[in-house]
Amino acid sequence: MGQGNIIGYEINEKTCQISYYNQEMTEPKTMGADMENYQIPLVVGKLRDTWAYGKEAKRLVTIKDGFTVNRLLGKSLAGEKVELGDETYDAVWLLSKFIQLSLQSFSQIDGIVFSVPELTEQLAQMLREIAAQLNVDKRHVYIQDYKESFCNYLFYQPKELWQYEAALFCCDRNEIKAYMLRRLKPGLGGGKTTFVTVDEVASAHMKELAAVYPVLNEDKAREADLMFCKFIESVFDKRIVSSVFLTGEGFENNWYPISLRVLCNGRRAFMGNNLYSKGACYTAYRKMYMHIEDPVYLSENKLTDQITVNMRVGGQELWYPIVSWGDHWYESNNRWEVLLEDTQDIELHIESLVQGTLQTEFISLEKMPKRGEYSMRLQIETLFLDEKTCKVIVRDVGFGEFFPPTDFQEEKIIHLGGNDGKFNSLS
């Protein structure tokens, strides 16, 4: 592992939250003013020549001095420009400034995972470009949604917590959403890997919750509690649930004692607001330090095809994934350098979870200049043209001062099946 930190960075329209991990720690920690307050307001401000972020930026509003900007995420995605005094800034620049300020206490960042409520290709590209300004290796920058963060958080908890299904209840001040983590059918991928997914199974707008804040109204709170109790019972109907997790500002006041007893009946329940950032931190660890991920999180917008090459990694011979199922196609452009044994071609295996097929393709090395064994160094690159088309490129990159690179290059177009609306067939 590197000498720096890996970062899990939850970000939404109102707040951000930062968890981090390094080799001196046993598990990720979350930055915060105190143990119960991890949320950093997503606000950036400027007072004369000094920039501020989070609570310090909000303070500028209360003292009516300087300039502040909120809703940075939405404004950045909309390509808006923002006026601060006599200056005009791109909203993306301001968002980047906020992220840089919030991470200034980390002298070295080896990898970062952004966790967002809903993931789009546009949002992923924007956050990747911002991460590049942090001098983070682009191969170690990942973006995922809250459901995947929940999933990766659970992977590092005791297995009995997700032996069956695991429930996640998210509550703001007027809506509750319920999610379930479940295993997909056994036998996928030859039965060597466990595949899971997270489904949104129910949601409910509860106007009673609005009356619970900011002052706890006992009558309205009991009414909301009884409604939440019925909601829980409908979600758990005919399900075997191992554990329950509660997150969101809506659970901060203790207005649901009846519901809590139902939640804890035969299962363990946990409450906290740093689940997504910690889950993102665990993702960073998995991506950077595990050769093959198991379990694997799948969803309708994830790759259900895998491309592997036979390699020896860390002294172990295995079919190494150069395109992994469970990744987004637009985040699967990568490069590797390999040393070749005496071989005439590179064999690729393309395995489809949806189709249940294993396809073999070859990239010929016949035109590759002949050199001694282990002095043939190649670069293998994956380049996605669209969600179903991957180009695999092989180039000669030479061998130090002994053999300069040549113009040898071979390509192979791989057509992937994709989901085609058949993701549910994996259930």
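A: In this predicted model, strand S5 (residues 44-47) is joined to S6 by 4 bridges, and the two run antiparallel. Across this pairing, Lys-46 stands opposite Trp-51 in S6. The sheet as a whole is open and has 3 strands, in the order S6-S5-S7, with antiparallel pairing. Strand S6 (50-53) and strand S7 (67-69) are the edges; each has a single partner strand, so one side of each has no neighbour in the sheet. From one strand to the next, the twist averages 20°.

Two helices pack on this sheet. Helix H1 (residues 54-62) touches S5, S6 and S7, and its direction makes about 110° with that of S6. Helix H3 (residues 91-102) also touches S5, S6 and S7, with its direction at about 80° to that of S6.

Now the charged pairs. Side chains of opposite charge can pair when their charged atoms come close. The count for the model is 17 salt bridges. One of them is between the side chains of Glu-331 and Arg-128, at 3.4 Å from N to O. Glu-331 lies in the loop between strand S19 (316-323) and strand S20 (334-340), while Arg-128 belongs to helix H4 (residues 121-132), so this pair ties together parts 203 residues apart in sequence. Both Glu-331 and Arg-128 are buried.

Another salt bridge, 2.9 Å from N to O, is formed by the side chains of Arg-239 and Glu-165. This pair also links distant parts of the chain, 74 residues apart: Arg-239 is in the loop between helix H6 (218-236) and strand S15 (241-247), and Glu-165 is in strand S12 (residues 165-171). Arg-239 is partly exposed, at 30% relative accessible area, whereas Glu-165 is buried, at 15%.

Arg-139 and Asp-137 form a salt bridge too, with their closest N and O atoms 2.7 Å apart. Here Arg-139 is partly exposed, with a relative accessible area of 48%, and Asp-137 is partly exposed at 30%. Elsewhere, Arg-286, Lys-287, Glu-293 and Asp-327 are linked in a network of salt bridges.

The side chain of Gln-306 makes a polar contact of 3.3 Å with that of Trp-325. Beyond its neighbours within four places in sequence, Gln-306 is in contact with residues including Pro-321, Val-323, His-349 and Glu-351.

Definitions and conventions:
Residues numbered from 1 in each chain as written. Predicted model: local features only at pLDDT ≥ 70, side-chain atom pairs only at ≥ 80, totals over all residues. Heavy atoms only, no water. Pairing = 2+ DSSP bridges. Axes fitted to C-alpha atoms, helices over the stretch in contact; angles between N-to-C directions. Contact = heavy atoms within 4.5 Å. Polar contact = N/O pair within 3.5 Å; in protein donor to acceptor, adjacent residues only side chain to side chain. Salt bridge = Lys/Arg side-chain N within 4 Å of Asp/Glu carboxyl O. Buried < 20%, exposed > 50% of the residue type's maximum accessible area, 1.4 Å probe, protein only.
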